[in-house]
Amino acid sequence: MKDFPQHVKGTIDFFSSRVSLFQEITEVARKILKFFGYEEIILPILEESKVFLKVGEFTDIVEKQMFKIEGKDIVLRPEGTAQVVRFFVENRLWKEKEFHKFFYIGPMFRGEKPQRGRLRQFYHIGAEALGSNLPFLDAEIIKIASDILKELGIKDVKLKINSLGCQQDKEILRKRLKEKLKEKKERLCSICQKRLDKNPLRILDCKEKRCQEIVEEIDIGDFLCDSCQKHFEKVLHYLDKLNISYIYSPTLVRGLDYYTHTVFEITSSHLGSQDACGAGGRYNSLVRSMGGPDIPGVGFALGIERIMLLLKEKKKVPSSKVFVAYTPGYFDKAVEILNFLREKGIPSQISYLEKSLKAQLRFSHKIGVDFVVIVGEEEVKNNFLTLKDMRKSLQEKVSWEDLLNRIC
Ligand code: HAM
(Lines give C-alpha, C1' and ligand atoms only; values in the text may rest on other atoms or scores of the structure.)
Protein backbone atom coordinates (compact mmCIF):
# COMPACT_ATOMS: atom_id res chain seq x y z
CA MET A 1 0.00 0.00 0.00
CA LYS A 2 1.37 3.43 -0.91
CA ASP A 3 1.96 5.66 2.11
CA PHE A 4 3.26 8.75 0.33
CA PRO A 5 1.48 11.12 -2.04
CA GLN A 6 1.69 10.30 -5.74
CA HIS A 7 0.73 12.13 -8.92
CA VAL A 8 -2.89 11.71 -10.02
CA LYS A 9 -3.25 8.88 -12.53
CA GLY A 10 -3.43 10.28 -16.04
CA THR A 11 -1.30 13.35 -15.27
CA ILE A 12 2.37 13.92 -16.06
CA ASP A 13 5.10 15.64 -14.02
CA PHE A 14 7.29 17.56 -16.44
CA PHE A 15 10.92 17.86 -15.43
CA SER A 16 14.42 17.73 -16.89
CA SER A 17 14.50 16.80 -20.62
CA ARG A 18 10.68 16.67 -20.73
CA VAL A 19 10.62 20.39 -19.96
CA SER A 20 13.15 21.12 -22.74
CA LEU A 21 11.03 19.12 -25.17
CA PHE A 22 7.81 20.80 -24.05
CA GLN A 23 9.43 24.21 -24.51
CA GLU A 24 10.80 23.33 -27.92
CA ILE A 25 7.34 22.19 -29.10
CA THR A 26 5.59 25.31 -27.82
CA GLU A 27 8.29 27.64 -29.21
CA VAL A 28 8.05 26.09 -32.67
CA ALA A 29 4.24 26.26 -32.56
CA ARG A 30 4.24 29.90 -31.40
CA LYS A 31 6.66 30.92 -34.15
CA ILE A 32 4.60 29.24 -36.90
CA LEU A 33 1.21 30.40 -35.61
CA LYS A 34 2.44 34.00 -35.37
CA PHE A 35 3.93 33.70 -38.86
CA PHE A 36 0.45 32.82 -40.15
CA GLY A 37 -1.03 35.85 -38.34
CA TYR A 38 -2.63 34.11 -35.33
CA GLU A 39 -2.90 36.08 -32.07
CA GLU A 40 -2.17 34.34 -28.78
CA ILE A 41 -4.89 34.31 -26.11
CA ILE A 42 -4.74 32.94 -22.58
CA LEU A 43 -8.18 31.92 -21.32
CA PRO A 44 -9.12 30.49 -17.90
CA ILE A 45 -8.98 26.82 -17.02
CA LEU A 46 -12.40 27.15 -15.35
CA GLU A 47 -15.52 27.58 -17.47
CA GLU A 48 -19.24 27.33 -16.89
CA SER A 49 -20.47 23.82 -17.78
CA LYS A 50 -23.04 25.27 -20.17
CA VAL A 51 -20.24 26.41 -22.52
CA PHE A 52 -19.54 22.77 -23.27
CA LEU A 53 -23.18 21.68 -23.33
CA LYS A 54 -23.28 23.67 -26.58
CA VAL A 55 -20.76 21.15 -27.93
CA GLY A 56 -23.63 18.64 -27.95
CA GLU A 57 -25.03 16.94 -24.86
CA PHE A 58 -24.45 13.44 -26.25
CA THR A 59 -20.79 14.10 -26.90
CA ASP A 60 -18.53 11.85 -24.82
CA ILE A 61 -16.66 14.71 -23.17
CA VAL A 62 -19.96 16.26 -22.04
CA GLU A 63 -21.71 13.03 -21.09
CA LYS A 64 -18.99 11.43 -19.02
CA GLN A 65 -15.62 13.14 -19.24
CA MET A 66 -16.04 16.58 -17.69
CA PHE A 67 -14.39 17.39 -14.36
CA LYS A 68 -17.02 19.32 -12.44
CA ILE A 69 -16.26 21.53 -9.44
CA GLU A 70 -18.46 20.06 -6.74
CA GLY A 71 -21.60 22.01 -6.00
CA LYS A 72 -21.03 24.51 -8.82
CA ASP A 73 -21.87 24.66 -12.52
CA ILE A 74 -18.19 25.06 -13.26
CA VAL A 75 -15.85 22.60 -14.98
CA LEU A 76 -12.16 22.26 -15.77
CA ARG A 77 -12.17 22.98 -19.50
CA PRO A 78 -12.09 19.77 -21.58
CA GLU A 79 -11.18 21.55 -24.85
CA GLY A 80 -10.53 25.01 -26.27
CA THR A 81 -12.88 25.53 -29.23
CA ALA A 82 -16.12 26.05 -27.31
CA GLN A 83 -14.23 28.25 -24.87
CA VAL A 84 -12.78 30.48 -27.62
CA VAL A 85 -16.27 30.80 -29.10
CA ARG A 86 -17.65 31.75 -25.64
CA PHE A 87 -14.92 34.43 -25.39
CA PHE A 88 -15.67 35.61 -28.96
CA VAL A 89 -19.41 35.89 -28.33
CA GLU A 90 -19.10 37.39 -24.82
CA ASN A 91 -16.88 40.19 -26.16
CA ARG A 92 -18.92 40.72 -29.36
CA LEU A 93 -15.65 40.56 -31.27
CA TRP A 94 -17.30 40.49 -34.71
CA LYS A 95 -18.16 44.17 -34.11
CA GLU A 96 -14.44 45.01 -33.95
CA LYS A 97 -13.51 43.28 -37.20
CA GLU A 98 -15.05 40.68 -39.45
CA PHE A 99 -12.32 38.08 -39.23
CA HIS A 100 -10.25 36.81 -36.27
CA LYS A 101 -7.42 34.31 -35.87
CA PHE A 102 -6.53 33.12 -32.35
CA PHE A 103 -4.24 30.52 -30.86
CA TYR A 104 -3.81 29.13 -27.35
CA ILE A 105 -1.47 26.79 -25.52
CA GLY A 106 -2.63 25.34 -22.25
CA PRO A 107 -3.91 22.40 -20.23
CA MET A 108 -7.21 20.59 -20.89
CA PHE A 109 -8.91 18.06 -18.59
CA ARG A 110 -10.96 14.98 -19.36
CA GLY A 111 -12.16 12.30 -17.01
CA GLU A 112 -11.25 9.46 -19.33
CA LYS A 113 -9.88 6.16 -18.10
CA PRO A 114 -6.14 6.81 -18.40
CA GLN A 115 -4.02 4.72 -20.73
CA ARG A 116 -0.90 5.30 -22.87
CA GLY A 117 -1.48 8.60 -24.66
CA ARG A 118 -4.87 9.16 -23.04
CA LEU A 119 -4.53 11.49 -20.08
CA ARG A 120 -6.76 13.28 -17.63
CA GLN A 121 -4.71 16.44 -17.91
CA PHE A 122 -2.99 17.15 -21.22
CA TYR A 123 -1.87 20.19 -23.20
CA HIS A 124 -3.33 21.58 -26.39
CA ILE A 125 -1.80 23.85 -28.99
CA GLY A 126 -4.99 25.11 -30.57
CA ALA A 127 -5.87 27.55 -33.35
CA GLU A 128 -9.28 28.95 -34.25
CA ALA A 129 -10.19 31.20 -37.21
CA LEU A 130 -13.58 32.88 -36.98
CA GLY A 131 -15.47 34.77 -39.66
CA SER A 132 -14.75 33.12 -43.01
CA ASN A 133 -16.25 30.20 -44.87
CA LEU A 134 -13.51 30.16 -47.51
CA PRO A 135 -12.39 26.57 -48.29
CA PHE A 136 -8.79 27.85 -48.55
CA LEU A 137 -8.94 28.59 -44.80
CA ASP A 138 -9.72 24.91 -44.02
CA ALA A 139 -6.68 23.89 -46.07
CA GLU A 140 -4.50 26.59 -44.50
CA ILE A 141 -5.42 25.54 -40.96
CA ILE A 142 -4.33 21.98 -41.84
CA LYS A 143 -1.13 23.41 -43.36
CA ILE A 144 -0.30 25.19 -40.08
CA ALA A 145 -0.77 22.01 -38.02
CA SER A 146 1.32 20.01 -40.47
CA ASP A 147 4.04 22.71 -40.63
CA ILE A 148 4.38 22.59 -36.83
CA LEU A 149 4.83 18.80 -36.93
CA LYS A 150 7.24 19.04 -39.87
CA GLU A 151 9.38 21.72 -38.21
CA LEU A 152 9.61 19.46 -35.14
CA GLY A 153 10.93 16.68 -37.37
CA ILE A 154 7.78 14.52 -37.27
CA LYS A 155 7.28 13.17 -40.78
CA ASP A 156 5.61 9.83 -40.44
CA VAL A 157 2.01 11.08 -40.02
CA LYS A 158 -1.20 10.66 -42.01
CA LEU A 159 -3.87 13.27 -42.61
CA LYS A 160 -7.37 11.79 -42.72
CA ILE A 161 -10.12 14.05 -43.98
CA ASN A 162 -13.87 13.97 -44.51
CA SER A 163 -16.84 16.31 -44.81
CA LEU A 164 -19.97 16.04 -42.66
CA GLY A 165 -21.73 18.80 -44.61
CA CYS A 166 -24.05 21.43 -43.14
CA GLN A 167 -26.51 20.77 -40.28
CA GLN A 168 -29.15 19.57 -42.78
CA ASP A 169 -26.66 17.13 -44.36
CA LYS A 170 -25.68 15.85 -40.93
CA GLU A 171 -29.36 15.27 -40.16
CA ILE A 172 -29.76 13.23 -43.37
CA LEU A 173 -26.66 11.21 -42.43
CA ARG A 174 -28.02 10.64 -38.91
CA LYS A 175 -31.39 9.42 -40.22
CA ARG A 176 -29.81 7.12 -42.80
CA LEU A 177 -27.50 5.61 -40.24
CA LYS A 178 -30.36 4.99 -37.83
CA GLU A 179 -32.40 3.30 -40.55
CA LYS A 180 -29.57 1.15 -41.90
CA LEU A 181 -28.19 0.13 -38.52
CA LYS A 182 -31.55 -0.57 -36.85
CA GLU A 183 -31.75 -4.17 -38.04
CA LYS A 184 -28.06 -4.75 -37.15
CA LYS A 185 -28.41 -3.28 -33.65
CA GLU A 186 -27.89 -6.58 -31.81
CA ARG A 187 -24.49 -7.04 -33.47
CA LEU A 188 -23.19 -3.61 -32.41
CA CYS A 189 -21.09 -3.20 -29.26
CA SER A 190 -23.03 -2.13 -26.15
CA ILE A 191 -21.82 1.49 -26.41
CA CYS A 192 -22.87 1.75 -30.08
CA GLN A 193 -26.27 0.24 -29.26
CA LYS A 194 -26.82 3.27 -27.02
CA ARG A 195 -25.32 5.59 -29.61
CA LEU A 196 -27.80 4.42 -32.23
CA ASP A 197 -30.57 6.52 -30.68
CA LYS A 198 -28.62 9.45 -29.33
CA ASN A 199 -25.60 9.96 -31.57
CA PRO A 200 -25.47 7.43 -34.45
CA LEU A 201 -22.64 9.30 -36.23
CA ARG A 202 -20.16 8.12 -33.60
CA ILE A 203 -20.82 4.50 -34.63
CA LEU A 204 -18.90 5.29 -37.81
CA ASP A 205 -15.60 5.70 -36.00
CA CYS A 206 -16.07 3.08 -33.27
CA LYS A 207 -12.80 1.24 -32.69
CA GLU A 208 -14.54 -2.14 -32.06
CA LYS A 209 -13.90 -4.57 -34.93
CA ARG A 210 -17.49 -5.85 -35.06
CA CYS A 211 -18.86 -2.30 -35.38
CA GLN A 212 -16.32 -1.48 -38.08
CA GLU A 213 -17.42 -4.60 -40.03
CA ILE A 214 -21.08 -3.55 -39.80
CA VAL A 215 -20.22 -0.02 -40.96
CA GLU A 216 -18.46 -1.52 -43.99
CA GLU A 217 -21.58 -3.55 -44.84
CA ILE A 218 -23.88 -0.54 -45.08
CA ASP A 219 -24.07 1.91 -47.96
CA ILE A 220 -24.67 5.42 -46.68
CA GLY A 221 -24.74 6.91 -50.18
CA ASP A 222 -24.19 10.59 -51.02
CA PHE A 223 -25.62 12.91 -48.44
CA LEU A 224 -23.76 16.20 -49.03
CA CYS A 225 -25.77 18.99 -50.66
CA ASP A 226 -24.27 20.64 -53.75
CA SER A 227 -22.78 23.58 -51.91
CA CYS A 228 -21.14 21.38 -49.21
CA GLN A 229 -19.82 18.97 -51.86
CA LYS A 230 -18.26 21.95 -53.72
CA HIS A 231 -16.79 23.30 -50.48
CA PHE A 232 -15.14 19.94 -49.76
CA GLU A 233 -13.78 19.60 -53.30
CA LYS A 234 -12.22 23.06 -53.00
CA VAL A 235 -10.63 22.20 -49.64
CA LEU A 236 -9.01 19.15 -51.29
CA HIS A 237 -7.97 21.32 -54.25
CA TYR A 238 -6.16 23.77 -51.94
CA LEU A 239 -4.54 20.93 -50.01
CA ASP A 240 -3.12 19.76 -53.35
CA LYS A 241 -1.93 23.30 -54.06
CA LEU A 242 -0.25 23.45 -50.66
CA ASN A 243 1.42 20.06 -51.32
CA ILE A 244 -0.32 18.34 -48.44
CA SER A 245 -1.22 14.72 -49.02
CA TYR A 246 -4.40 13.37 -47.46
CA ILE A 247 -6.51 10.25 -47.19
CA TYR A 248 -10.22 10.71 -47.83
CA SER A 249 -11.88 8.85 -44.94
CA PRO A 250 -15.68 8.73 -45.37
CA THR A 251 -16.18 7.23 -41.89
CA LEU A 252 -14.26 9.95 -40.06
CA VAL A 253 -16.78 11.80 -37.86
CA ARG A 254 -14.87 12.99 -34.72
CA GLY A 255 -16.04 12.90 -31.14
CA LEU A 256 -17.18 16.51 -30.82
CA ASP A 257 -20.65 17.27 -32.03
CA TYR A 258 -20.12 20.86 -33.17
CA TYR A 259 -18.36 19.97 -36.42
CA THR A 260 -19.93 20.73 -39.78
CA HIS A 261 -18.27 20.41 -43.22
CA THR A 262 -14.55 19.59 -43.02
CA VAL A 263 -13.26 17.25 -40.30
CA PHE A 264 -9.72 15.94 -40.10
CA GLU A 265 -7.31 13.97 -37.95
CA ILE A 266 -3.53 13.70 -38.05
CA THR A 267 -2.48 10.23 -36.96
CA SER A 268 0.71 8.25 -36.46
CA SER A 269 1.12 4.49 -36.39
CA HIS A 270 3.76 4.97 -33.65
CA LEU A 271 1.14 6.08 -31.13
CA GLY A 272 -0.75 2.82 -30.62
CA SER A 273 -4.52 2.83 -30.16
CA GLN A 274 -4.69 6.57 -29.32
CA ASP A 275 -3.17 7.40 -32.68
CA ALA A 276 -4.23 11.04 -33.26
CA CYS A 277 -1.65 13.71 -32.46
CA GLY A 278 -3.94 16.42 -33.78
CA ALA A 279 -7.43 17.02 -35.09
CA GLY A 280 -9.87 19.70 -36.08
CA GLY A 281 -12.42 20.94 -38.53
CA ARG A 282 -15.17 23.45 -39.24
CA TYR A 283 -17.86 24.45 -36.79
CA ASN A 284 -20.13 26.80 -38.69
CA SER A 285 -23.04 26.65 -36.22
CA LEU A 286 -21.20 26.96 -32.90
CA VAL A 287 -21.11 30.77 -32.67
CA ARG A 288 -24.86 30.90 -33.25
CA SER A 289 -25.58 28.14 -30.75
CA MET A 290 -23.51 30.09 -28.19
CA GLY A 291 -25.83 33.08 -28.69
CA GLY A 292 -23.89 34.99 -31.36
CA PRO A 293 -24.70 35.68 -35.01
CA ASP A 294 -24.22 33.29 -37.91
CA ILE A 295 -20.40 33.28 -38.04
CA PRO A 296 -18.40 30.32 -39.28
CA GLY A 297 -15.27 28.93 -37.66
CA VAL A 298 -12.52 26.43 -38.32
CA GLY A 299 -9.59 25.23 -36.23
CA PHE A 300 -7.32 22.50 -34.96
CA ALA A 301 -5.69 21.29 -31.76
CA LEU A 302 -2.46 19.32 -31.41
CA GLY A 303 -1.87 17.20 -28.31
CA ILE A 304 1.53 18.10 -26.85
CA GLU A 305 2.04 14.84 -24.89
CA ARG A 306 1.30 12.75 -27.98
CA ILE A 307 3.79 14.85 -29.97
CA MET A 308 6.30 14.21 -27.18
CA LEU A 309 5.77 10.46 -27.57
CA LEU A 310 6.70 10.88 -31.24
CA LEU A 311 9.87 12.81 -30.55
CA LYS A 312 12.94 11.05 -29.28
CA GLU A 313 14.13 12.13 -25.84
CA LYS A 314 16.21 15.22 -26.48
CA LYS A 315 19.65 15.73 -24.97
CA LYS A 316 19.42 17.84 -21.88
CA VAL A 317 20.00 21.50 -22.63
CA PRO A 318 22.75 22.83 -20.30
CA SER A 319 21.12 24.87 -17.57
CA SER A 320 24.23 27.03 -17.16
CA LYS A 321 27.35 27.82 -19.12
CA VAL A 322 29.91 27.75 -16.30
CA PHE A 323 30.33 25.79 -13.08
CA VAL A 324 32.69 27.26 -10.49
CA ALA A 325 34.46 24.54 -8.46
CA TYR A 326 36.75 25.03 -5.46
CA THR A 327 39.05 23.13 -3.17
CA PRO A 328 38.10 23.13 0.53
CA GLY A 329 38.75 26.52 2.13
CA TYR A 330 38.35 28.51 -1.11
CA PHE A 331 34.58 28.89 -1.18
CA ASP A 332 34.74 32.70 -0.73
CA LYS A 333 37.14 33.04 -3.70
CA ALA A 334 34.78 30.85 -5.76
CA VAL A 335 31.84 33.10 -4.80
CA GLU A 336 33.90 36.10 -6.01
CA ILE A 337 34.37 34.42 -9.42
CA LEU A 338 30.71 33.36 -9.51
CA ASN A 339 29.53 36.94 -8.94
CA PHE A 340 32.05 38.29 -11.46
CA LEU A 341 30.71 35.92 -14.15
CA ARG A 342 27.04 36.54 -13.30
CA GLU A 343 27.58 40.30 -13.39
CA LYS A 344 28.98 39.87 -16.90
CA GLY A 345 25.73 38.09 -17.81
CA ILE A 346 27.17 34.56 -17.96
CA PRO A 347 24.84 31.91 -16.44
CA SER A 348 27.01 30.27 -13.77
CA GLN A 349 26.53 27.75 -10.98
CA ILE A 350 28.33 26.65 -7.81
CA SER A 351 27.92 23.67 -5.49
CA TYR A 352 25.75 24.34 -2.43
CA LEU A 353 26.86 21.13 -0.77
CA GLU A 354 30.27 21.24 0.85
CA LYS A 355 31.75 18.42 -1.22
CA SER A 356 35.24 17.50 -2.43
CA LEU A 357 36.54 18.93 -5.72
CA LYS A 358 36.11 15.48 -7.30
CA ALA A 359 32.44 15.34 -6.27
CA GLN A 360 31.89 18.88 -7.56
CA LEU A 361 33.36 17.94 -10.94
CA ARG A 362 31.10 14.88 -11.11
CA PHE A 363 28.11 17.12 -10.37
CA SER A 364 29.14 19.60 -13.10
CA HIS A 365 29.08 16.69 -15.58
CA LYS A 366 25.57 15.80 -14.48
CA ILE A 367 24.13 19.27 -14.95
CA GLY A 368 25.98 19.60 -18.26
CA VAL A 369 27.91 22.90 -18.49
CA ASP A 370 30.27 24.11 -21.22
CA PHE A 371 33.06 25.26 -18.84
CA VAL A 372 34.31 24.57 -15.32
CA VAL A 373 36.43 27.18 -13.53
CA ILE A 374 38.53 25.77 -10.67
CA VAL A 375 39.99 27.82 -7.84
CA GLY A 376 42.20 26.58 -5.00
CA GLU A 377 45.46 27.17 -3.18
CA GLU A 378 47.74 27.10 -6.24
CA GLU A 379 45.44 29.32 -8.30
CA VAL A 380 45.21 31.96 -5.56
CA LYS A 381 48.94 31.89 -4.78
CA ASN A 382 49.97 32.34 -8.45
CA ASN A 383 46.99 34.54 -9.42
CA PHE A 384 45.47 32.41 -12.19
CA LEU A 385 42.39 30.26 -12.70
CA THR A 386 42.06 26.74 -14.07
CA LEU A 387 39.60 26.58 -16.94
CA LYS A 388 38.23 23.27 -18.22
CA ASP A 389 36.50 23.38 -21.62
CA MET A 390 34.08 20.46 -21.28
CA ARG A 391 33.14 20.41 -24.97
CA LYS A 392 36.77 20.00 -26.11
CA SER A 393 38.09 18.20 -23.00
CA LEU A 394 40.85 20.84 -22.69
CA GLN A 395 42.31 22.33 -19.53
CA GLU A 396 44.40 25.53 -19.30
CA LYS A 397 45.58 28.20 -16.90
CA VAL A 398 44.01 31.60 -17.56
CA SER A 399 44.14 35.05 -16.00
CA TRP A 400 40.95 36.69 -14.75
CA GLU A 401 41.12 39.04 -17.77
CA ASP A 402 41.40 36.14 -20.23
CA LEU A 403 38.60 34.16 -18.59
CA LEU A 404 35.85 36.11 -20.31
CA ASN A 405 37.54 35.96 -23.74
CA ARG A 406 37.78 32.17 -23.49
CA ILE A 407 34.19 31.68 -22.33
CA CYS A 408 32.32 34.14 -24.56
P1 HAM B 1 -9.67 16.53 -29.83
O2 HAM B 1 -9.57 15.56 -30.95
O3 HAM B 1 -10.53 16.16 -28.72
O4 HAM B 1 -10.14 17.89 -30.49
O5 HAM B 1 -8.23 16.86 -29.28
C6 HAM B 1 -7.17 17.24 -30.13
C7 HAM B 1 -5.92 16.43 -29.83
O8 HAM B 1 -5.63 16.50 -28.43
C9 HAM B 1 -6.04 14.94 -30.13
O10 HAM B 1 -5.77 14.67 -31.48
C11 HAM B 1 -4.96 14.37 -29.22
O12 HAM B 1 -3.68 14.53 -29.81
C13 HAM B 1 -5.03 15.28 -28.01
N14 HAM B 1 -5.86 14.67 -26.95
C15 HAM B 1 -7.21 14.62 -26.88
N16 HAM B 1 -7.61 13.97 -25.78
C17 HAM B 1 -6.49 13.60 -25.12
C18 HAM B 1 -6.23 12.91 -23.90
N19 HAM B 1 -7.21 12.46 -23.11
N20 HAM B 1 -4.93 12.71 -23.53
C21 HAM B 1 -3.91 13.16 -24.30
N22 HAM B 1 -4.10 13.84 -25.46
C23 HAM B 1 -5.36 14.06 -25.87
C24 HAM B 1 -10.42 19.01 -29.79
O25 HAM B 1 -10.28 19.14 -28.61
C26 HAM B 1 -10.92 20.15 -30.66
N27 HAM B 1 -11.12 21.32 -29.79
C28 HAM B 1 -9.96 20.45 -31.79
C29 HAM B 1 -10.41 21.61 -32.63
C30 HAM B 1 -9.97 22.88 -32.56
N31 HAM B 1 -11.38 21.55 -33.54
C32 HAM B 1 -11.54 22.77 -34.06
N33 HAM B 1 -10.69 23.59 -33.46
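In this predicted model, helices α1 and α5 are oblique to each other, because their axes cross at roughly 140° and an angle counts as roughly antiparallel when over 145 degrees. Helix α1 spans residues 17–35 and helix α5 spans residues 135–151, and the two axes come within 9 Å. The crossing of this pair is right-handed. On the α1 side, the residues that meet α5 are Val28, Ala29, Lys31, Ile32 and Leu33, and their partners in α5 are Ile144, Asp147, Ile148 and Glu151. Sorted by class, the contact of α1 with α5 holds six nonpolar and three charged residues, with no polar ones.

Helix α5 also packs against helix α9, which covers residues 226–241. Here the axes are 8 Å apart and the packing angle is about 45°. That angle makes α5 oblique to α9, and α5 passes α9 in a right-handed crossing. From α5, the residues in this contact are Pro135, Phe136, Asp138, Ala139 and Ile142; they meet His231, Lys234, Val235, Tyr238 and Leu239 of α9. The contact of α5 with α9 comprises seven nonpolar residues, one polar residue and two charged residues.

Next comes another helix pair, α12 and α15. Helix α12 (residues 331–343) and helix α15 (residues 400–407) have axes 12 Å apart and pack at an angle of about 50°. This packing angle makes α12 oblique to α15, with α12 passing α15 in a right-handed crossing. Lys333, Glu336, Ile337, Phe340 and Leu341 are the α12 residues that make the contact, while α15 contributes Trp400, Leu403, Leu404 and Ile407. By class, the residues joining α12 and α15 divide into seven nonpolar and two charged, with no polar residue.

Attention now turns to the ligand and its surroundings. The ligand has 26 residues around it, of which Glu79, Thr81, His124, Arg254 and Tyr259 come nearest.

Note on methods: Residues are numbered from 1 along each chain as its sequence is written. This is a predicted model: local features need pLDDT of at least 70, side-chain atom pairs count only at pLDDT 80 or more; totals for chains, interfaces and linings use all residues. Side-chain values use heavy atoms; hydrogens and water are left out. Axes are lines fitted to C-alpha atoms, for helices over the stretch in contact, and angles run from 0 to 180 degrees between N-to-C directions. Helices (H or I, at least four residues) and strands (E, at least two) are DSSP runs, numbered from the N terminus. Angles under 35 degrees count as roughly parallel, over 145 as roughly antiparallel, 65 to 115 as roughly perpendicular and the rest as oblique. A crossing is left-handed if the near helix is turned anticlockwise from the far one by less than a right angle, and right-handed if clockwise. Contact means heavy atoms within 4.5 Å. Ala, Val, Leu, Ile, Met, Phe, Trp, Tyr, Cys and Pro count as nonpolar, Asp, Glu, Lys and Arg as charged, and the others, Gly among them, as polar. A residue is near a molecule or strand if one of its heavy atoms lies within 4 Å of it.
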